Amino acid sequence: MTKPFYVTTPIYYVNDVPHIGHAYTSVLADVLARWHRLLGDEVFFLTGTDEHGQKVQEAAAKAGRTPQEHVDLTSQRFREMGKLLGLTNDRFIRTTDPDHTAYVQKVMQELWDKGEIYKSAYKGLYNVRDERFYSESDIREGRGPGPDEVVEEVEEVNYFFRMSSYQERLVAHIHANPAWIVPEYRKNEVLGFLRQPLGDLCISRPKTRLSWGIELPFDRDFVTYVWFDALLNYFTGVLPSKRADGTSWWPASVHLIGKDILTTHSVYWPSMLMGAGIELPKQILAHGWWMADGQKMSKSLGNVVDPFEVARKYESVGGVEAFRFFLMREMVVGQDSSFSDAGMIKVVNGDLANDIGNIVSRIRKQVATQFEGKIPALPSSLGELSKGLRDKAISVVAEVENLMRLFRVSFAMEESMSLARAINSYLESTAPWKLAKDPSRQDELAEVLAVSSEALRILLVLVSPVIPGKSAEALALMGETAVPGKLAWGLLPAGREFMDGPVLFPRLEVKKPEAKPAVEAVAKPEPVKDPFEAVDFRIAKIVSAEDHPSAEKLLVLQLDVGELGPRQVCAGIKAHFPAATLPGRKVLLVANLKKAKLRGVESMGMILAADNADGSVHLLEPQGEPGAFATAEGMDHKPGVNLGIEAVDPVKLVVRGGKLHYGQLPVSAGNLPVNCSAQDEASVH
Ligand code: ME8
């Protein structure tokens with residue numbers, strides 16, 4: 001019996017233009033869908049657009065269109081993104097689809113009949129950007145009214161869903177199903193949220209204010225709240241379809257979401273389902289945030305990464321496929337990541353060209369010249385090196401299966417790339433080009449080419465969910481395809497032709513920056529009189545801390561650095577500060593270091609701590625606001641960019657009298673001294 005795998009993405013707001021964030025969730029869902037199809041599972045993949053609400057109504061009016069005309073146009077952008085990215089979704093749901101609308105009304109009516117919905121007056125701050133009343137819980141989700149968000153005070157009679165009555169059941173469900181919300185720290189965030197009493201959920205908007213929505217079946221003067229309508233898409237989207245054995249697709253195997261919509265998915269949605277007596281989804285996976293070159297993406301900064309543009313820019317080296325590969329390889333699922341051209345080039349020239357591409361061309365060339373293009377048969381007994389590669393391939397397949405089950409896609413890719421490296425080093429060690437010159441070693445040569453071809457075939461099948469096009473082209477050269485069952489060792493039939501073809505994984509020739517003309521020297525940053533001035537020390541507030549996925553001593557911290565925006569930093573302080581004690585603490589951050597990657601996790605800066613002679617470690621405790629920079633008397637603040645650690649080393653900071661000093665000078669941040677509980681003369685690192 002085949003296993004079902006039903007995966008969803010959030011349905012995207014049509015007012016936005018598709019960007020790397022939407023592309024990421026969609027590609028992640030697609031990769032999981034393709035992987036499960038490869039395992040032989042029965043798959044349903046749902047994505048779509050969220051089309052009702054005040055913002056849409058307003059945008060349509062501004063554009064001089066009816067809301068329906070407007071959403072027909074704007075939702076098209078997301079379908080085009082899907083086409084561009086090669087998504088294999090089974091349905092693209094729109095909340096304006098008649099079957100969805102009818103079902104939302106049916107659920108509403110049932111909840112009303114059961115007494116799960118009541119009418120009451122309500123007063124609150126309404127956030128138009130998010131179509132939500134603004135409250136404590138919204139602040140927790142980081143969706144408070146930012147400077148460009150419109151919040152208005154609204155008092156009105158509305159309908160409410162008795163969400164509060166499901167609080168206990170929900171908490172019990174989370175405890176009973178430890179992997180229901182992943183990663184673990186997101187689960188803890190939800191449990192933290194559920195420690196406060198849960199209110200009821202306002203699920204209607206009066207038509208006098210908002211008409212672009214689904215009418216309440218029991219009161220035609222109201223429409224449903226957008227989230228109520230939107231969340232139900234996951235259920236309604238598969239209602240018209242049935243599994244091969246005639247059973248229903250619900251419950252979803254996993255809802256993929258960004259961390260921005262964690263509460264709606266792990267509190268509102270399950271409560272709604274409990275109210276309606278519908279089974280809960282099996283898992284919710286919240287991933288991290290994409291930034292651009294280490295900065296928050298925003299329209300005003302003009303740094304929003306557009307998937308169409310990336311595909312165009314990298315067209316000569318695989319375009320969309322290279323982008324998909326980058327997205328999956330770069331972001332540790334759960335953590336934040338940053339897009340950069342340097343990162344794209346690294347993946348294109350490293351993983352794709354140097355590793356995978358190199359193997360294809362090396363093997364193909366030898367097979368062509370030595371065996372008239374026919375891949376030799378795998379011998380029944382293998383030499384030591386060949387056995388080593390075979391065992392490596394088998395263990396990589398098992399490990400990738402395991403990691404994919406845990407949604408650790410970037411680690412699964414690292415594992416696949418370790419097979420690529422193993423094939424290349426097998427080819428280096430066995431040197432088929434040398435064997436070819438020795439007529440007495442033709443059997444060995446045949447073995448090397450058979451074993452490496454088979455390992456290459458498995459590698460291409462493993463990466464096929466991520467780069468389906470390139471993988472299919474490369475496999476086709478060997479007359480192969482990536483279909484279920486193809487991950488086993490020893491399937492490549494003897495005598496297969498290894499066909500010639502174009503270079504599938506070309507390198508991107510990166511132009512060296514031209515030498516700057518001498519006149520530009522004036523634009524150089526002013527020289528600093530002291531190394532202290534070049535370092536950008538900033539107050540940062542720890543928003544969350546969790547264990548690094550693979551480095552024992554590291555924590556991954558999410559920081560709020562005020563005007564510098566959110567930051568992710570890896571810090572080697574786990575032995576001294578358990579992760580749970582850190583959120584809320586203020587620390588001093590070196591904010592202008594070069595971006596680094598610590599065991600696969602991006603780190604943008606370094607937090608400072610003092611070492612006592614007794615071996616204890618003490619964090620610096622600035623008192624000002626996040627984002628404020630630190631100075632010392634007589635020093636200017638002239639931070640450089642992308643400093644190496646050697647620029648920071650000469651800046652010797654010490655603790656004296658419980659305060660931070662630079663030599664003899666007291667250091668202040670945000671005009672307040674920086675405290676530290678370390679002893680006198682404890683040095684700061
Ligand atoms: O919230 N990094 O829609 P939305 C990573 N309609 N992912 C990002 C991202 C970024 N910078 N920006 C967006 C909505 N995303 C609702 C959802 S579901 C029933 C209703 C991705 O258009 C991420 O998946 O604001 C995030 O959760 C989603 O887009 C939000 O899309």
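The model is predicted: local features need pLDDT of at least 70, side-chain atom pairs count only at pLDDT 80 or more, and totals for chains, interfaces and linings use all residues. Residues are numbered from 1 along each chain as its sequence is written, and side-chain values use heavy atoms, without hydrogens or water.

**The whole protein**

The protein holds 20 helices and 30 strands. These are DSSP runs, numbered from the N terminus: helices are H or I with at least four residues, strands are E with at least two.

| Property | Value |
|---|---|
| Span of the C-alpha trace along the principal axes | about 90 × 75 × 55 Å |
| Radius of gyration | 28 Å |
| Accessible surface | about 29300 Å² |

The radius of gyration is taken over C-alpha atoms, and the globule rule is 2.2 Å times the number of residues to the power 0.38. For 685 residues, a compact globule would have a value near 26 Å, so the protein's 28 Å agrees. The accessible surface comes from the Shrake-Rupley method with a 1.4 Å probe. Carbon and sulfur atoms own 54% of that surface.

Buried residues make up 56% of the 685. Buried means under 20% relative accessible area (1.4 Å probe, protein chains only).

**A look at H22**

H22 sits in helix α1, residues 20-38. Is H22 buried or exposed? H22 is buried, because its relative accessible area is 11%. Its side chain reaches the backbone nitrogen of H19 at 3.0 Å. Beyond its neighbours within four places in sequence, H22 is in contact (heavy atoms within 4.5 Å) with Y12, D16, V17, F78 and M81.

Notes
Buried < 20%, exposed > 50% of the residue type's maximum accessible area, 1.4 Å probe, protein only. Polar contact = N/O pair within 3.5 Å; in protein donor to acceptor, adjacent residues only side chain to side chain.
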